[in-house]
Amino acid sequence: MFTVKCLSENLQKVAIEELNEIPSRVEEDIENLRNWILKQPHLKTRTDDQFLLIFLRGCKFSLEKAKSKIDRFYTLKTKHPELFTTQTMDEKTVYEILKLDTFVSLPIPLNGDGPRIQYIRFGAYPADKYTFTQVISIYHTSQELAAREDDYSVVNGYIQLLDTSALTYSHVMQITPLIVKKMITFVEDAVPTRLRAMHCVNTSPVYDKLFNMIKHVLPERFQQRLYVHSTLNSLLEHIPQEYLPRELSGENGSIEELHHQGYKRFLAYQNYLKDDLNYRNIESLRTHALLDYDELFGVDGTFRKLDID
């Protein structure tokens, strides 16, 4: 039986006008994507209606783009589980990090019905206890879970609001250009929801050092979506104050009010996450070529050789 969530009237209008969605054809479009997946010997992916619809909307209902994106999604999860899944971490560590609330989705989208705003406290974890790779793997998994619930992020995309006030050199030492390149590749090639903009606030010389060392791996289109704000007034030109979190003098929720948002979501999706281990690519069975990510990523560099005094 065909089972998908119904969009609100406003979001359905956007999906039709901007994502090329034809409501009367959605079931057929999903079935066409599912049939293609089932014919690919290397693909072991989820095929439920809602999951496939997320990819179709993220690709503006281009079946060919949806095929490519869902293939790359599972290719990267298979090749790099330490970054794009939590399967390499023990449950205790995952829950400890989630309870730090390093990232939350603010309750009201931009302008009331626009992109979802994510408030990310970059560096808000003890670097002597956890690694950047661990934190970012939990973030990517949270993104997958949130997409199943949040129609605003699926239809309108999302905005990242990065508060770097807690970032230290100890955090920077955990980040390499290769990690950043893999993250951006995942966002651009594989994730079905669209990153509309990234706004960095409360920056410092630590952030400047990090940015200078990774900017060479940032694609031009990504840099065009990146904004660094030295003042709150600069940020307000893009996001009105009422849509900012209280931590940034806004009215759109706070870490305290959204306490353990991610932790609660992970608990609710325990069975989903356990089942997720069953869905990975079998590259030896692939019958058609895909971008060689091993060649693309090349050899890692490290910040440990940098002079950061």
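1. What share of residues 91-256 is helix, and how far apart are the end C-alpha atoms? Helix takes 40% of that stretch and strand 15%, with the end C-alpha atoms 24 Å apart. Helices (H or I, at least four residues) and strands (E, at least two) are DSSP runs, numbered from the N terminus. UniProt, in an unreviewed entry, places the feature "domain: CRAL-TRIO" at these residues; such annotations may be inferred rather than shown by experiment.

2. On provenance: the model is predicted, local features need pLDDT of at least 70, side-chain atom pairs count only at pLDDT 80 or more, and totals for chains, interfaces and linings use all residues. Residues are numbered from 1 along each chain as its sequence is written, and side-chain values use heavy atoms, without hydrogens and water.

3. The open sheet has five strands, ordered E1-E2-E3-E4-E5, with mixed pairing. Pairing requires at least two DSSP bridges between two strands. E1 (103-105) and E5 (226-228) are the edge strands; each has a single partner, so one side of each lacks a neighbour in the sheet.

4. E3 (residues 158-163) and E4 (residues 195-201) pair in the parallel sense over six bridges. Tyr 158 stands opposite Leu 195 in E4.

5. The protein is divided into domain 1 (1-80) and domain 2 (91-267), with bounds from an automatic or database domain assignment. Their centres, taken over C-alpha atoms, are 25 Å apart.

6. The rule finds four salt bridges across this interface. The criterion is a side-chain nitrogen of Lys or Arg within 4 Å of a carboxyl oxygen of Asp or Glu.
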